[in-house]
Amino acid sequence: MGCSHLVKELGDIEDVIRHLERLALIKFTDDERVKLSSEIRKILNFFNQLNELGDLKDVEPLFHVLDIESPLRDDEPEVCSIPASELLSNVLREGSYVKGPRTVTG
Amino acid sequence: MGDVRIGLEIHVQITALKTKLFCPCPADYRGKEPNSHVCPVCLGLPGVLPVINRDAVKYAAMVAIALNCKISDRLVFVRKHYFYPDMPKNYQISQYDGVGSTPFCREGFLKLTINGHEKIVRIRRINIEEDPGRITYPTGDIATSPYSLIDYNRAGIALLEIVTEPDIESPQEARAFLTKLINILEHLGVTDTSLEGSFRVDANISLGGGSRVEIKNIGSIKDVERALAYEILRQRTIIERGGIVRRETRHWDPVRKVTITLRAKEVEEDYRYFPDPDLPPVRITSEFIVSVRRSMPELPDMRIERFMKQYGLDRYHSTVLVSQKWLADFFEEAAKHYTRYKKLADILITDFLRWVNEYGIKPHELRARPIHIARLLELLDKGLISIKIAKEIMPEIVRSGSDPEKLIRTRGLLRITNRDELQQIVREVMRSNPKAVEDALRNPRAINYIVGLVMKRTRGRADPKLTIELIKNELQRYKAS
Amino acid sequence: MTKLDYVYASATELLTYFRSDPDKILDYLEAIYDRIRKVEAKVRSYITLRSREEVEREAENVVKRLKQGEDLALAGIAVAVKDNISTRGIRTTCASRMLENYVPPYDATAVKLLKESGAVIIGKTNMDEFAMGSTTETSAFFPTRNPWDLERVPGGSSGGSAAALAAGEASLALGSDTGGSVRCPAAFTATVGLKPTYGLVSRFGLIAYASSLDQIGPMARTIADVALLLSVIAVHDPKDSTSIPRNGKTDYYFKLEELMSSRPRLRIAVVKELWRGLEEDVERVLHRILDRICGEHTCDEVSIPITRYALPAYYIIAMAEASSNLARYDGLRYGLHVDVEGRSWIEVFTEVRSRGFGFEVKKRIALGAFILSAGYQEQYYIRALRVRRLLKNEFDRVFKRFDLVALPSMPIKPPRLGEAITDPIKLYTMDIDTVIANLIGSPAISVPAGLAATLPVGIQFMGPPLSEEKLLYAGALVEELRRGAALKPPI
């Protein structure tokens, strides 16, 4: 899979980066954006090497390497022994609440 | 009505649990200081890991069985990603139907009886997931607050998400469905829906195959019915004016009783679901399901049938009793002490219930004991009080839990059966009401008025038969003289 | 012992010494701190170094317990802990501005176990930011330098831990390994680093990078020391749902001694695809050792072509999981925070995350989000997991016929600072031999194999799940062959 094919498929790399910034709530600086544009192409090509393996539909994805089940915990309460001030230290507070931003946009 | 299709998404907290879904923090957070029922795990601190609450799975299985669902062979949790201040990890551990994941159960149904006929509402799936924290606003208004206040006590509480197919066709059906669902949950002991925030509904509605509108976060069954009724009206109005209903998410304002736009749903949230690597799937064995089934409390429909069989009640009385679990429990306890079940059921669903509702008493606040009602009925049966008196003292019994026998004695409410005593009273009454006596002498039916006066005078305690007899005797004497 | 003896003594030697004279622990710690004072400015292993007074107070308590006859597996030993492992009351930064002032309110389970064994944690070591890197150069604070050549990197992401060991600034260390982050710096600094079987050591308290790949790993200058340290931290943890259910502890030191005396013959697989693309002198050093091992043990060449795809599969999975694990950093409950009044959560979160994360971390988060996004998840994330299964199947087959696989730890010598991180693919390719173990959940160890032009080269052994004792045994055999060779850097 060539680079140009990929770009055509994805559209403008700049748009892709902007979309990802929105999805992940991060922003790249202008310098970083330039670096990222060229690196993303290389990295995606690198990822696309997996396509050489052809159709893998009959291979079950391996989510957990261990053949164990999650243990189940008894429903017995344990009050956290860590003092509240330590649990949420160096955090913006208002009384016992955590102070947070507005929850509407605009 | 036209082609109305309603689907409901109900989030119920598993209030029966003592701890949260993935950590052992105590689950009784209501009314407690903000951020006092938290630990590193439910706060989502760096490095923490979730551990599944065994009983959450048990209760989920109970609900799945009660709703006739097919339970998956494994329990898989996924991460559902979105950013919001009430989300400690900015992903919710939930369930999904995707590659490597499966809902807890699917393809169930609930049978309703509406207006005499049967209706089946299919259950698409039930998921187990965690509740986020709670956000409040210093100004009380989300739009004007310069910042928010976050309490993570609720973060990590276990939820069941119950999703129906869009089989519901009217607001009334929605109400009936939710009422029955709540009844089942209460009978199973899974959720106490009287607890604030334990029960939330999202409703999806479309008209005539048009766009689907989602109404989020409705907090009571009444509001669901109202919101849906409002939506139908709103959408019909748009259609009649030649417009097109927009696919969107709306919010129900219970004060102004309207739905308002929350955000347009053209941009689907990309939750990027994938199986949580921190939680290897757990096998759900048939042995487990059998053991849950065996230990399950009685479901409402079964209880109604049993009431009819065991106590000889008719369907109506049985249904009313069972429709509120606490009332059915109250009945069965009282039935241990009083065996004229029809009378018991009757007084419970009429006078007793009326006063409970009148006083707005919550079931757990009720002071009246089943044995009190049983004793009251015994007193009635023995003729020691009249029905009138019984109805008169019922509110007192309901409100303060007084023993009826004590009440009757201290108030002196026993029926007057002593002939001499009653004769005295009858004579006094007739003496003070010469006109009434005249009327009665002329017209035998006017005797009832005198009976009424005697009853008034004795505050309903006079034995009616004896009273009439005594009045008649007196009238004879008057005639003689 | 003299001061220098203390500084490069093995934990095994020290423990014997302290048992007869517990008070010597304080002399030992003084020597360590003196050493740190002398070399730290050049090496820069530590992000946070605990004060000597604080550490000595703790040590005095250990001395008391020893004198009372308590059996403490690591009594008084100075341990350096990688800065992505939570230590209560001690700043834990992940070498990131995001957590620059974060003080965890709880200890990681591995840390708790260390403390119970009488070990003394003296500081938190430098790393690549959020463990994303192979050179410790993406640390937001400063790079760590390789004690063998201060112009070169010590490897990563557990570079600080490895450098501390190599420079005599600690006797034992904890690192973490997601794609080679314990084995790579071990190879580059001529120390020993083990990545345990996935699930053997609790991840509770390890600040997650990629949950299905991460493991805390013991690091030391000798095999026996790694065995000791592993014995302490390899315990089942009910707080970690991916922790292997086991009873009690395993005495890996004892098992190692048993194997060294019984000397069983190992069947070793040499996967030919994993021996390609090596720097010439690195290859020579490795073959020299391998040939001698294969003289005594059975070696066979096998071919596993699918190993070619391990690297892209690894990065896809790691970035996807990283984007998810790092979503929680929004500044509200811990970490870097900004003004919130009058600003929406989107604005606040974006500012915190853009200022708090470095470029490499942001890049991996963005790519990870892409990999998991609707429309691409099947093509990238799910596909990589299918490749993962193919890889596991292949190695399961190999491990039926062989005890271990022998392969290089790193294909190159430690690069110069600034050399590797210019090209992302070049950087990622450094992991070519290490990612497989993480993908398939296998344990793997890097042991010093020799020097290539005065720079360390490591040989790696990988085994089936729970084969740690065999890995230690193979490592001990290599150690034996190298006895007498210089293992102290010229710092």
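Which residue is the bridge partner of A:R73 in β2(B)? Keep that in mind while you open the model, which is a predicted one.

**Stop 1: a strand pair across two chains**

Select A:R73 and B:N53. B:N53 is the bridge partner of A:R73 in β2(B). Now widen the selection to strand β1 of chain A, residues 72-73. This strand and β2(B) run parallel, and 2 bridges join them.

**Stop 2: where chain B meets chain A**

Show chains A and B together. On the chain B side, 55 residues are in contact with chain A. On the chain A side, 33 residues are in contact with chain B. The two chains bury about 3,800 Å² between them. Carbon and sulfur atoms account for 60% of that area.

Pick out B:P24, B:R54 and B:Y147. These residues supply 15% of the area that chain B buries against chain A, more than any other three residues.

Next, zoom in on A:E69 and B:R283. They form a salt bridge, with the closest N and O atoms 2.6 Å apart. How many salt bridges does the rule find across the interface of chain B and chain A? It finds 3.

Color the elements of chain B that give two or more residues to the side touching chain A. Two are helices: α1 (40-43) and α2 (54-66). The strands are β2 (52-53), β9 (134-136), β10 (148-151) and β17 (282-283). Of these, β10(B) gives the most, with 4 residues. Color the touching side by residue type next. It divides into 37 nonpolar, 8 polar and 10 charged residues.

**Stop 3**

Select C:F359, C:R383 and C:R386. In chain C, they lose the most area to chain A, together 12% of what that side buries.

Move on to C:R308 and A:E52. Their side chains meet in a salt bridge, 3.1 Å from N to O. The rule finds 5 salt bridges across this interface of chain C and chain A. The polar contacts between chain C and chain A come to 20 residue pairs, both at pLDDT 80 or more.

**Stop 3**

Is C:A322 buried or exposed? Its relative accessibility is 0%, so C:A322 counts as buried. Look for its contacts, leaving out residues up to four places away in sequence: C:A322 touches C:M132 and C:Y209. Then find C:L367, 45 residues apart from C:A322 along the chain. The C-alpha atoms of C:A322 and C:L367 are separated by 9.6 Å.

**Stop 4: a covered helix**

Select α6 of chain C, residues 159-166. This helix is mostly covered, with 8 of its 8 residues buried. Among them are C:G159, C:S161 and C:L165. After α6(C) comes C:G168, whose phi is positive, near 75°.

**Stop 5: an enclosed strand**

Finish at β11 of chain C, residues 455-462. Why is this strand largely enclosed by the rest of the structure? Because 8 of its 8 residues are buried.

In a regular strand, side chains alternate between the two faces of the sheet. Check this here. C:L455, C:V457, C:I459 and C:F461 point one way from β11(C). C:P456, C:G458, C:Q460 and C:M462 point the other way.

Strand β9 (404-408) of chain C pairs with β11(C) in the antiparallel sense over 4 bridges. Strand β10 (444-452) of chain C is also antiparallel to β11(C), joined by 8 bridges.

Note on methods
Residues are numbered from 1 along each chain as its sequence is written. Chains are lettered from A and ligands numbered from 1 in the order in which they are written. This is a predicted model: local features need pLDDT of at least 70, side-chain atom pairs count only at pLDDT 80 or more; totals for chains, interfaces and linings use all residues. Side-chain values use heavy atoms; hydrogens and water are left out. Contact means heavy atoms within 4.5 Å. Buried area is the accessible area (1.4 Å probe) that two parts lose on being put together, summed over both. A salt bridge is a side-chain nitrogen of Lys or Arg within 4 Å of a carboxyl oxygen of Asp or Glu. Ala, Val, Leu, Ile, Met, Phe, Trp, Tyr, Cys and Pro count as nonpolar, Asp, Glu, Lys and Arg as charged, and the others, Gly among them, as polar. Two strands pair if DSSP finds at least two bridges between them. Buried means under 20% relative accessible area, exposed over 50%, partly exposed in between (1.4 Å probe, protein chains only). A polar contact is a pair of N or O atoms within 3.5 Å; within protein, one must be able to donate a hydrogen and the other to accept it, and residues adjacent in sequence count only if both atoms are side-chain atoms.
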